[in-house]
There are 2 protein chains.
Amino acid sequence: MTVDTSTQKALEKWVYVFGPGCSEGGAKQAALLGGKGANLAEMANLGLPVPPGFTITTEVCHAYNENNQKLPSNLKPQVAEALKVVGDLTGMGFGDLKNPLLVSVRSGSRASMPGMMDTILNLGLNDETVEGLAVRAGDERFAYDCYRRFIQMYADVVLGVDHGVFEDILENYKNLNAMSQDTDLTADHWRSVISSFKKAVFDNAGESFPQDTSEQLWGAISAVFGSWQNARARTYRLIHDIPDSWGTAVNIQAMVFGNMGDTSATGVAFTRNPSTGEKELFGEYLRNAQGEDVVAGVRTPQPLLRSAGHKPGGSVLSLEVLMPKTFELLGQVLEKLERHYGDMQDVEFTIESGKLWMLQTRAGKRTTTAGIKIAVDLALEGVITREEAVLRIDPQALDQLLHPTIDPSVRNKKVITTGLPASPGAASGRIVFTSEEAEEMASEGEDVILVRKETSPEDIHGMLAAVGILTARGGMTSHAAVVARGMGRPCVTGAGAMRVDIDAGTLRAGSLILRKGDVVTIDGATGRVFQGSVRMRPAELTGSFGTLMSWADDFRKLDVRANADIVRDVRQAHEFGAQGIGLSRTEHMFFDEVRIVAMREMILAEDSEGRRRALQKALPMQRSDFQSLFEVMAGFPVTIRLLDPPLHEFLPHEDRDVQAVARELGVSGEKLRARISELKEFNPMLGFRGCRLGVLYPEIVQMQAQAMFEAAVAVYKKTGERVKLEVMIPLVAYRKEFDLLAGEIRRVAKRIEKNLGEKIDYEIGTMVELPRAALLAEELAAGEDGASFFSFGTNDLTQTCLGLSRDDAAMILEAYIREGVMAVDPFVSLDESGVGELIRIAIERGRRANPDLKLGICGEHGGDPRSIELCHQWGLDYVSCSPFRVPVARLAAAQAQLRSLEK
Amino acid sequence: MTVDTSTQKALEKWVYVFGPGCSEGGAKQAALLGGKGANLAEMANLGLPVPPGFTITTEVCHAYNENNQKLPSNLKPQVAEALKVVGDLTGMGFGDLKNPLLVSVRSGSRASMPGMMDTILNLGLNDETVEGLAVRAGDERFAYDCYRRFIQMYADVVLGVDHGVFEDILENYKNLNAMSQDTDLTADHWRSVISSFKKAVFDNAGESFPQDTSEQLWGAISAVFGSWQNARARTYRLIHDIPDSWGTAVNIQAMVFGNMGDTSATGVAFTRNPSTGEKELFGEYLRNAQGEDVVAGVRTPQPLLRSAGHKPGGSVLSLEVLMPKTFELLGQVLEKLERHYGDMQDVEFTIESGKLWMLQTRAGKRTTTAGIKIAVDLALEGVITREEAVLRIDPQALDQLLHPTIDPSVRNKKVITTGLPASPGAASGRIVFTSEEAEEMASEGEDVILVRKETSPEDIHGMLAAVGILTARGGMTSHAAVVARGMGRPCVTGAGAMRVDIDAGTLRAGSLILRKGDVVTIDGATGRVFQGSVRMRPAELTGSFGTLMSWADDFRKLDVRANADIVRDVRQAHEFGAQGIGLSRTEHMFFDEVRIVAMREMILAEDSEGRRRALQKALPMQRSDFQSLFEVMAGFPVTIRLLDPPLHEFLPHEDRDVQAVARELGVSGEKLRARISELKEFNPMLGFRGCRLGVLYPEIVQMQAQAMFEAAVAVYKKTGERVKLEVMIPLVAYRKEFDLLAGEIRRVAKRIEKNLGEKIDYEIGTMVELPRAALLAEELAAGEDGASFFSFGTNDLTQTCLGLSRDDAAMILEAYIREGVMAVDPFVSLDESGVGELIRIAIERGRRANPDLKLGICGEHGGDPRSIELCHQWGLDYVSCSPFRVPVARLAAAQAQLRSLEK
């Protein structure tokens, strides 16, 4: 089917009028009219005082930009018609010499793009109409002030003349005439300035300032539509994920004047405090001013509320005091708007000669703390439902509430370098360059920041000892980032501009050189690193937070568990409401300085017997670790993963360490080196790890199984509560791998049950973290001895599905997101169409074999709201994430459920 | 439904009689009767002289081994009945004192398991029946000779008495009595020996040698069934991939005697020469002997044919001369058997007092050369069809024909070490330890063997210079193996027992130390490494080979292309019948000492302009490379893959090389080191490579595209034939990656077409080597600008699907195959259920988007027959493999088609 587009366009309605009793649009048409236009129409419909005007739709923006910056030919008559309506409503005429209608021309997109698009006020003035305005207003100076403002803005926005040109002229003029304030200028002075302005326009733009008001109008309209494609706007859209296709609308509205003398004013107001969420009017105004004066910051605005005076007893005059009646009216309008929109509003208003006019309303930006309080309060006030309250909070934003943060009021912070915001929270401490130094200095009671090029599992104990971690390499999902988030440690990674010299013990950033013991502050929420100690604010968990979380728990279907290995983290997870442990990595227990020795002996053993002997030394330690975890999580499911990492991670990497370790183990350096070289791998991620360790060295599985079963029995005897133990086999690709290891585990369980005379409550399941496991899910889950649960290890599944190493991906991902290959980092937010497809396949096939198969996810994605929504849609039973993400996940899970109910 | 197994067993027919006119079985029942039993029945049916007997089925073997080594209770009456039939046919009676029936008891499985199972002859003799035999045969010495043989074999096989015990007794006896030959012993001597034998049985076995012939029989039957589970048999089955469940049958057959004097004999014969395939009787016999004498090697057998006398004019007497009539009859029997079975037969026969008896027939083992000639000749003779001929050759075996091989007649070869048979063929040369030494010594005209711990892309030029490659690490699909196979270089990898010290320039194997310049010989077909130079045989390509390949080409549907990068390989591929190039890796062109400099400059360049400048230096070289390839393959499709490997592969790895390279490039060592460290990756396989290079550095794509398009035009102008260029984008996971690079390529093509005034015939496609690409195949192939072909890169697809690094997998795969996790190395033969599933998904989804999508495979699997069969079943258009595998692939493709027609 072909459409004659010219015919189609001819039928288009391009223009929507708004005004008292005549609005053609409303709040629901934000896509067509932009947010500003839709809300102006809505306010007019509500009977609020809105200067009449009309909106040219976003459709025109498409047409304009697709048609070589040409406006549709049939737009003109529609605009003329609308202008006439506005003129009739105001009793004025556009271009009328006696009673000229002046308008503002403003952009307005569907999403708020503050400061990105351009605004022109007082349009319709020329050498003749200015006289008419002067007569009508009875104020010549006012009229010429408006005219000079108009020339300045129009020249800047439409003709591309830098506004500095006009400021210089005005500055010169005041100097020559010994004036200091704009208010010192009379109408005649302004006439003179205007004449210089017009000359400057001609000199700079190569054309005269247009006297034809119609030419002015169309110039302004084109400029606004054109500005949608300017560099600043494109960048903003890219950053804020706003589609190019949305386009902007243009709002043309009869001017009202806040600069008509002392009974006039202009200001902004919030219906509640955007910082705390308290229910109180909040805002600022300027007397005898136009809107751009507030923005320009030439004069200091004054508060609306008497109680909010900047300087108690000072010269400040609140609107409440200055214009009590108008203030009261404003309060009523704001209350009405908040109830109507069901959300805290941010409005612009103008008072012209004592009369209040509303120029804009929109949902106000707010801090997370305020956001939670407002949502909960609105629900308690009955303005919105609890479901709406829960849906209204961005789960990601919760993260910052749970950690101390840099106090935003601190000025003059010296930024040393900036990396990636890898794990939220801020921390100050002395820098150290090795894990040993970190432990040593921390044991002396110092707060330390561990600085490394990158971290490896050997650094775990140093990371534990540190209050924060800073690395030069690695992305948002590098080892440092993942472990730090798991531990709840603030972390900045990939600070590539910083040079770390471990041997010299220096950190260089530009010309600055820091040494061990120097103090820095890292901000894991922004990636910034500051010199010295910067003041912080503690975590703020308001009462509203608890209320909101309990509502979320009522709604969600997904369970939320935590990934946690050590008791402190397990406790933290429990406090944050985790319903069990979805992933406990047993290897983290072995990187401790003492325990690693047993591990190394095991690795160097010549035979099964030698390995068994070495592992026996680790057994009591591992058992006691498990026992502590189980006690905290008694009654909840606890998933323990068998040893996973490549064995070489337990051996020293640096030459200088080899001799020391060899001595400690009582073997020759040569032997140790030979074993290190034997275990060296080209691609450790795809090497000798996961269940492969257990297939080759079943002794490891036996020891770990023994430790967890004995711990489970001990905790039961102590607490009377049975541990719901879930033993998880990692990196399975073949059913036979699962069978071999599960066989070992079951044999150990039988033995312990017999020895200790207690039944053990346990299940055996598998990670699904390789494409083959996902594809063969039916086989893995089949039969009584099959996996009774799947836990999707989405980190590794992403690495293998995409063929992309998490630790090597930073440079690639940066370029890929820039080039639009992918929208988001797939290690942060699940790749729905690739990795997600594998998960869908695994779920379908796994459930085909066993409809009762338990399904969860334990990759980093378990704490990512977008990914949690997918998990909900796929019907998983639970997500598991790092302890500090548990509240995020609880909220995201509730939202997923509420959104699916909406559909 | 439950079955009363005792009832079911009662109904079983356990025993099948064979003999003239009474065979109950036939050749088709090999599964039930074993190969030997089935063929004995078949021969009897054909009217050939077969001593009567019966077969106890393989079902009994299952029953026996599943029921604690107990035979089914109802077997006895069936055996008794069969024994009676055999007695009637022979006119003798089992256990009859006067006219005793003697039998042989032999195992016989479905597959030939030579030497693995046990045989007992002359069963039925005891102190009394031996007298009867003596009387009947009129030869007392013969009877006692039979008796002592029986005791010896029975004691060995059934009672577990080492046969050395009896050999010692006989040896002692001969020494004491001053005798040298067995033939010196009379009946009385044998009686005396027998008495010592019986005492030895009692002493060693703790029980008397059984005089009850029935006890003898059941003891022997149980022993044969039991031997199915002995260690030797199990190992053999494991190696030869024979299922445990097949079981063995037991054949009990009336004895005929080749040891009844000078008109008696025993021998083996082939219907054609098993070494050359010539149509001529071939075999050996022993006069006056029993079967085991031939095997024991005590006496030297004599040839059947007069013309095959070992020593012309010597004392050798051929059967043709000695017993011309029997010889003629044997010839007729063999001719009949070959025609009947349609294949070359290997028979056992016995002549008893001038009468010929056939004891076994089976398809004869043969060399590959013979196999091809026989199959082709049989087809030309009309005995079998061409299809059968093509199906009969194992494609894998062709490989050895195409390379020189170690001469098997050479004795006393000293094996230094054994590794994996990574690339077939044998080579002798002086050992060198670096690629530089290899080039240097080769340039002096020496044959060199490059010895490395493992190879990396830096070694390509050394591998090219060498005649063979030997590595201490790496599996069948390691870098060395893959590259060597691609080059057709013999290669042994993973010779782990050998210690290579590159710095010292030594190779140690046990106590042996070899130095640079010492000569070794490697056998890439067996993995063995010999000291010194070992004599070799050249490749044998007979006329039959060509005939067979042309028939294969007539049948197959799959095209066969080659993976080849350099002109010599492309020529080789062309000679072997490749129908184009399926994969030309452009990076191999850059590891050359001169060109790598341009590559390094590119890598070190600060910006796009610097990269472009460096790449311009490489352009003419790459263009001329392409031009040479295109000329050889004019008229055929040539797939060129864009640069794929991680950039750090082009930079020096060793500290000592860094300074030299830095000097060469005119940059500081520090800068070079910084860049090396920047490009270092944890998992290079999952890193900055493939199309990712081109997304970040489009200049590389532009240069490569320019080189190939200009070369294509030049070749067209020169030859008048258009190159069918297929540009392949590697490691694609996202459609946008494809679009970005394809966009660059198309832009370059347009420019070149315009500049040179020629239309270029090219397509753009993608490797499918990541799970995500397979899953998103529909998107990749969609639309006019989508990929027009997919080439499955099964090496990487296997690595990512299984999460297993090819270079690190050796130890894991060895254990996994041993533990039965997988049946075969998935890098050698496609993992059908995992990787295959991804391929099936990709094919289905890709063709959904574009039914004309061209599909091929270019991983190592393209040369593996099992994988080729899968490719055929999936409906691929072509397979691409290394040049030396092209004939293998052609044959395998034909077989795949023929087998699918059979179904």
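Me: Which residue pairs with Arg362(A) in a salt bridge?
Reply: Asp346(A) does. The two side chains meet with N to O at 3.3 Å. This is a predicted model, by the way.

Me: Where do Arg362(A) and Asp346(A) sit in chain A?
Reply: Arg362(A) is in strand β10, residues 355-363. Asp346(A) is in strand β9, residues 345-352. They are 16 residues apart, and the pair links distant parts of the chain.

Me: Is Asp346(A) buried or exposed?
Reply: Buried, with a relative accessible area of 9%. Arg362(A) is partly exposed, at 29%.

Me: How many salt bridges over all chains?
Reply: A search of the whole structure finds 108.

Me: What does Asp644(A) form a salt bridge with?
Reply: Arg641(A). The closest N and O atoms are 3.8 Å apart. Asp644(A) counts as buried because its relative accessibility, 6%, is under the 20% cut-off. Arg641(A) is buried too, with a relative accessible area of 6%.

Me: Over to chain B. Which side chain meets Glu437(B) in a salt bridge?
Reply: Lys516(B), at 3.9 Å, N to O. The pair links distant parts of the chain, 79 residues apart. Glu437(B) is in helix α17, residues 435-443. Lys516(B) is in the loop between β20 (512-515) and β21 (519-523). Lys516(B) counts as partly exposed, at 40% relative accessibility.

Me: And which residues do salt bridges with shared partners join into one network?
Reply: Asp145(A), Arg148(A), Arg149(A), Lys174(A) and Asp182(A).

Me: What span should helix α7 of chain A have?
Reply: 20 Å, for 14 residues (163-176) at 1.5 Å a residue. The end C-alpha atoms are 20 Å apart, which agrees.

Me: What caps the N-terminal end of α7(A)?
Reply: Asp162(A). One of its side-chain oxygens lies 2.7 Å from the backbone nitrogen of Gly164(A).

Me: And what happens just after α7(A)?
Reply: Ala178(A) takes a positive phi of about 55°. Most residues other than glycine have a negative phi.

Me: What is phi of Leu731(A)?
Reply: It is near 60°, positive in a residue other than glycine. Leu731(A) is in the loop between β27 (724-729) and α28 of chain A. Leu731(A) is buried, with a relative accessible area of 0%.

Me: Where is Asn288(B), and what is its phi?
Reply: Asn288(B) is in the loop between β7 (282-287) and α11 (291-296) of chain B. Its phi is near 50°, again a positive value. Asn288(B) counts as partly exposed, at 27% relative accessibility.

Me: New topic, the interface. How many residues of chain A are in contact with chain B?
Reply: 51 residues of chain A, in contact with 51 of chain B. About 4,500 Å² is buried between the chains. Carbon and sulfur atoms give 61% of that area.

Me: How many salt bridges across the interface of chain A and chain B?
Reply: Four. Arg845(B) also forms a salt bridge with Glu837(A), where the closest N and O atoms are 2.7 Å apart. The interface has 27 residue pairs in polar contact.

Me: Which helices of chain A each supply at least two residues to the side that touches chain B?
Reply: α26 (691-696), α28 (735-756), α29 (771-775), α31 (794-802), α32 (810-818) and α33 (835-849). By class, that side of chain A has 27 nonpolar, ten polar and 14 charged residues.

Me: Last one, Asp831(B). What does it touch?
Reply: Leaving out residues up to four places away in sequence, Asp831(B) touches Tyr734(A), Arg772(A), Leu802(B), Pro826(B) and Gly836(B). A polar contact of 2.7 Å joins the side chains of Asp831(B) and Arg772(A).

Me: Where does Asp831(B) lie in chain B?
Reply: In the loop between α32 (810-818) and α33 (835-849). Asp831(B) is buried, with a relative accessible area of 8%. Leu802(B) is 29 residues away along the chain, and the two C-alpha atoms are separated by 9.2 Å.

Technical notes: Residues are numbered from 1 along each chain as its sequence is written. Chains are lettered from A and ligands numbered from 1 in the order in which they are written. This is a predicted model: local features need pLDDT of at least 70, side-chain atom pairs count only at pLDDT 80 or more; totals for chains, interfaces and linings use all residues. Side-chain values use heavy atoms; hydrogens and water are left out. Helices (H or I, at least four residues) and strands (E, at least two) are DSSP runs, numbered from the N terminus. Buried means under 20% relative accessible area, exposed over 50%, partly exposed in between (1.4 Å probe, protein chains only). Contact means heavy atoms within 4.5 Å. Buried area is the accessible area (1.4 Å probe) that two parts lose on being put together, summed over both. A polar contact is a pair of N or O atoms within 3.5 Å; within protein, one must be able to donate a hydrogen and the other to accept it, and residues adjacent in sequence count only if both atoms are side-chain atoms. Ala, Val, Leu, Ile, Met, Phe, Trp, Tyr, Cys and Pro count as nonpolar, Asp, Glu, Lys and Arg as charged, and the others, Gly among them, as polar. The expected span of a helix is 1.5 Å times one less than its number of residues.
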